[in-house]
Amino acid sequence: MEKAKKSYKRLRSAKELNRVVAEFYLECHEAKARGKPVGWMPPMNGVIEIFYAMDLQPVFPENWSPVCAAFGLAPRNFEVSAGMGFSRDLCGYLRNIVGYVYGPMNEEGTPLGGLPEPDLIISAYGGCVPAMKILHTLERRFPEAKVHTSELPQVGYEKIRPYHLDYCVSETHRLIEWLTETTGRKLDYDRLKEVVRLSDRACELWDEIMSYRRFIPTPISAAELGVMFVMVTRQGTQVAVDFLTGLRDEVKERAEKGIGMIEEEKLRLFWDNIPMWYNMGLFNYFEKMGGVVVAETYSAAWSMRLDPDKPIESLARKSLVSYPMVSCTSIKKRRDMVLKACRDFHIDGAVLHSNKSCVPITLGQMDMKRALEEELGIPSVVIDGDHMDANNFSVAQFQTRADAFMEMLLEKKGLTP
Amino acid sequence: MTAFSIQPFIEAVHDSRERLAALASRGRKVLGYFCTYTPIEFIHAAGFVPVRILGGGTPIEQAASLTPTFICPYLRQALERALRGEYGFLSGVVQGYTCDVACGLINIWELNVPGDLYHTVPLPYQDSPDARKYFRQALRELGERLADIGGRVTDASLAASLDLYGNIRRRSLDLYRLRSQGRLALSAAELLSVVQAGLVTPPEDYLPMLEAFVEAAEARPQASERGVPVLVSGSVIDQPWVLEVIEASGARVVGDDLCTGLRAFSPPTGRGGDPTDRLMDRHFRRFPCPARMKAQERAPLLVDLAKGSRAEGVIFLIQKFCTPHLADLPVVMEALEAAGVRGLTVEMEETGLNEGQLRTRVESFLEMLGD
Ligand code: SF4
Ligand code: SF4
């Protein structure tokens with residue numbers, strides 16, 4: 001498949017990111033080699049901070065899937081899982097990671113050395129069904145690993161009540177007890193507070209970085225979304241804070257100097273749903289007509305604050321809200337967030353990725369489309385795709401729709417391509 | 001003695017819209033639900049009629065602009081019906097969180113179909129004192145929401161509703177038992193019609209119908225032992241003819257793992273000190289849906305069910321794109337095969353099943369079982 005060409009004005013921090021990614025995986029392998037317990041866990045919740053505070057090594061199998069997509073490993077993994085009987089209609093993250101661990105996992109030449117095998121698995125009930133089923137399937141693949149199954153209420157963001165949070169708090173305590181018993185490591189609460197402080201600082205920096213997108217031209221675009229890697233894998237560490245501080249400084253400087261992503265920013269676009277991880281260059285496709293993807297839904301997942309003086313409650317809350325903020329449990333809340341982003345960031349048009357691999361994010365998109373049109377007069381275009389499986393995405397269809405959409409937007413603004 | 005006839009049930013399904021609309025216009029609120037994990041006893045105890053929303057094979061027109069093509073036909077068709085005004089008698093939708101699509105659908109429904117109450121109960125998965133404490137509060141919240149639209153749940157009303165549904169479930173299981181003993185001349189499709197009537201009829205009206213039917217059935221034993229014994233497994237089957245085709249192809253459905261079947265009844269009741277305890281206890285001890293349990297824990301239960309009903313094969317009737325069922329399939333198949341039971345997967349698409357194809361596939365599956 002033809003890939004769109006790379007953006008020429010990458011951020012310095014984008015290069016820095018490659019180092020952070022390589023170091024993370026190196027750290028994971030070293031931990032395994034040194035006998036530090038390695039735990040596989042679901043993404044985007046408060047378990048990561050507890051792991052860092054207890055000096056355990058977190059590994060995120062779901063995050064490995066974008067890596068596989070970027071390195072071209074996904075198609076082979078899909079073959080393996082399909083061969084096992086996993087339907088091609090299932091979420092690509094599930095099909096990929098299952099194929100990866102049941103296939104020639106970590107064979108010679110696997111990028112970043114692959115994933116070290118788990119000593120612990122934090123399995124889950126909660127979040128989306130594919131995310132649960134991923135962990136349940138991984139449990140079977142690594143029978144030697146010790147398993148703890150955590151629960152998270154599946155409740156819409158705007159519907160969270162104290163009792164939901166209480167249950168999350170008790171589940172968090174249960175997890176800590178289990179980790180203590182299983183690994184013999186004690187949780188030092190002062191250390192936890194420090195980790196939560198770092199985590200909070202990362203969120204604060206994240207929001208600050210995102211807020212610079214209100215500048216025209218935008219100093220950072222969705223093409224740089226890879227930076228969320230630090231939020232997924234490093235939240236609660238100094239590494240994340242340092243990286244984000246550097247990124248903030250760079251973005252701030254660019255904003256102040258009026259440096260954008262392209263020569264002339266004519267159209268400011270919004271992207272809904274997960275990007276095509278196998279073709280991140282797509283974001284730059286809009287550039288030929290002066291379009292920049294300024295903002296996207298996903299970044300909202302880290303728009304929250306944590307209170308270091310109440311570390312357990314903060315982490316419980318983080319676990320509770322992360323999934324609703326980007327899923328169909330809260331279509332209204334998500335719609336409001338998208339409308340706000342489109343207003344704040346002066347968006348001209350929205351690109352809605354109808355993502356076969358992610359039903360929870362795709363459901364409600366049409367109501368969002370209508371709200372954008374009716375409440376803000378912002379037009380949108382729907383792109384059929386898949387964030388993992390290139391077979392469910394047609395570059396030609398994308399280009400035709402994107403071209404027509406941008407022409408329409410330019411005309412609406414009285415501009416020419 | 002009452003005549004042994006399924007006609008009243010077929011009529012109950014057929015006329016359900018008019019009956020429920022009449023009920024609603026007389027001021028009795030009707031609330032829809034998608035999944036059998038919804039605490040319907042609670043809704044009933046509040047003074048309302050819980051009705052299971054079905055898709056009924058409706059062709060998709062209006063729902064196409066609100067939902068992607070890659071969600072289960074069941075819920076897409078249900079939304080289509082609602083958009084066409086076929087669910088105008090509903091005052092809203094209440095459900096328990098089971099799968100992502102159902103969760104998204106209730107929210108889309110709320111934005112596009114007028115109603116007074118839309119609510120999802122976030123159900124716990126694993127039984128523990130903390131989970132029960134949490135569940136009790138989730139039910140209390142449901143009670144508050146029902147009160148907002150004029151309902152009132154008391155310990156006494158909840159106990160009465162639990163007893164009522166408990167009796168319906170017990171009687172339904174009686175039918176299953178008679179049938180699996182070969183003492184009930186009723187095809188699987190007919191049995192499904194009997195069950196389906198219960199999903200769309202106020203329980204106080206349905207129970208006497210069911211009781212009379214079971215009584216008549218018991219008095220009139222009739223063997224029906226033809227066909228290769230199979231178990232069907234899946235989620236919602238709202239079109240009985242699918243089972244008709246399967247049996248016409250030479251199979252005899254001796255058991256099911258469907259939420260329009262056994263999973264809605266088993267177990268009939270729960271134990272506990274107060275009515276809420278009883279409701280919660282049943283929730284945790286239900287015969288599991290793949291959305292509620294790890295495949296590796298569910299698989300042995302399904303194997304036991306298949307073996308216990310002496311099925312020689314399992315036919316999976318899966319709604320296309322249904323993540324919980326599809327994700328479990330490899331694990332469940334492996335367990336069945338290890339136990340010497342073979343499986344066939346049939347996906348039900350939006351455009352319906354092709355009868356000829358279904359027949360051919362079932363026939364060759366049965367042939368394979370005979371080898
Ligand atoms: S949120 Fe979407 S992409 Fe992530 S695991 Fe669930 S279905 Fe897949
Ligand atoms: S469990 Fe499957 S069939 Fe049932 S509503 Fe969800 S996706 Fe549809």
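Colleague: How many residue pairs are in polar contact between chain B and chain A?

Modeller: The count is 23 residue pairs, both residues at pLDDT 80 or more; a polar contact is a pair of N or O atoms within 3.5 Å, where within protein one must be able to donate a hydrogen and the other to accept it, and residues adjacent in sequence count only if both atoms are side-chain atoms. This is a predicted model, in which local features need pLDDT of at least 70, side-chain atom pairs count only at pLDDT 80 or more, and totals for chains, interfaces and linings use all residues. Residues are numbered from 1 along each chain as its sequence is written, and side-chain values use heavy atoms, with hydrogens and water left out.

Colleague: What makes E141(B) and R161(A) a salt bridge?

Modeller: The closest N and O atoms of E141(B) and R161(A) are 3.2 Å apart. A salt bridge requires a side-chain nitrogen of Lys or Arg within 4 Å of a carboxyl oxygen of Asp or Glu, so the pair qualifies. Across the interface of chain B and chain A, the rule finds 7 salt bridges.

Colleague: Why is T260(B) called buried?

Modeller: Its relative accessibility is 2%, and buried means under 20% relative accessible area, with a 1.4 Å probe and protein chains only; T260(B) therefore counts as buried. A polar atom of the T260(B) side chain lies 3.2 Å from the backbone nitrogen of I237(B).

Technical notes. Chains lettered and ligands numbered in written order. Buried < 20%, exposed > 50% of the residue type's maximum accessible area, 1.4 Å probe, protein only.
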